[in-house]
Amino acid sequence: MQIAPGFDSADWKALKLDDPDSPDWAKAVEILETRISGRFIEPVDCLIAADESKPPAQRRFGFAVLAIDCLLVETLEAFRLGLKDTGRESRKTFCHFLTERPLFKVHFTKEQAELFYKHFRCGILHQAEVGSGSKVWSVGPLIQSDGATLTINRTKFHGRLKADFQSYLAELRDPANAQLRKHFRTKMDFVCRH
């Protein structure tokens, strides 16, 4: 089973990761980077690049950008927390990411994270629309709130998500982060279970 471009589950299973200083840790992180970049980051980068030359009012890919980025938020937090799947923990997992990750917690209160989850993550992924008057935009601050609705700058959101992912990869490369590595292995072992 292919788990990332150029890697299959056998590549993961062959890694020797019990020793925190094993050279296989570099390959483990490379597999994750390739998986996440190929499935999430590169497609969104292409959508944003295709839209950027247009005037803001003519940009059309905001929903697709946020749909993919919402999947990525939940995926990254599942890796960080060692969750095999988010199942009934989706809301908690998603909101935890927005309120705990350094690049996001300065922008999202708990209430705003809940609104983002409901209006954007659930709205786009379940109903193919943003809920309750909230909006996707490509200019302005990362988040604007009037209390009951949010306006999210999809370009800034994606940029912060990419930076957070790079930070996570750096953390995984550091042998001192044993618990984070254990959680990463739990999730990747689950991905490669077949």
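**Entry 1: Leu 98**

I started with Leu 98, which lies in helix H4. I am working from a predicted model. I checked burial next. Leu 98 has 0% relative accessibility, so I put it down as buried. I then listed its contacts, leaving out residues up to four places away in sequence. Leu 98 touches Phe 104, Lys 105, Phe 108, Ala 113, Phe 116 and Phe 157.

**Entry 2: H4 against H6**

I looked up how helix H4 (residues 90-100) meets helix H6 (residues 110-127). Their axes come within 9 Å and cross at roughly 125°. The two helices are therefore oblique to each other. The crossing of H4 past H6 is right-handed. From H4, I noted Ser 90, Arg 91, Phe 94, Cys 95, Leu 98 and Thr 99 in the contact. H6 brings Lys 110, Ala 113, Glu 114, Phe 116, Tyr 117 and Arg 121. I sorted this contact by class: six nonpolar, two polar and four charged residues.

**Entry 3: the sheet**

I traced an open sheet of three strands, in the order E3-E5-E4, with mixed pairing. Strands E3 (135-137) and E4 (143-145) are at the edges; each has a single partner strand, so one side of each lacks a neighbour in the sheet. The twist from one strand to the next averages 15°. E3 and E5 (residues 150-153) run parallel, joined by three bridges. I found Trp 137 bridged to Asn 153 in E5. H6 turns up here too: it packs on the sheet and touches E3, E4 and E5. The direction of H6 makes about 80° with that of E5.

Definitions and conventions: Residues are numbered from 1 along each chain as its sequence is written. This is a predicted model: local features need pLDDT of at least 70, side-chain atom pairs count only at pLDDT 80 or more; totals for chains, interfaces and linings use all residues. Side-chain values use heavy atoms; hydrogens and water are left out. Axes are lines fitted to C-alpha atoms, for helices over the stretch in contact, and angles run from 0 to 180 degrees between N-to-C directions. Helices (H or I, at least four residues) and strands (E, at least two) are DSSP runs, numbered from the N terminus. Angles under 35 degrees count as roughly parallel, over 145 as roughly antiparallel, 65 to 115 as roughly perpendicular and the rest as oblique. A crossing is left-handed if the near helix is turned anticlockwise from the far one by less than a right angle, and right-handed if clockwise. Contact means heavy atoms within 4.5 Å. Ala, Val, Leu, Ile, Met, Phe, Trp, Tyr, Cys and Pro count as nonpolar, Asp, Glu, Lys and Arg as charged, and the others, Gly among them, as polar. Buried means under 20% relative accessible area, exposed over 50%, partly exposed in between (1.4 Å probe, protein chains only). Two strands pair if DSSP finds at least two bridges between them.
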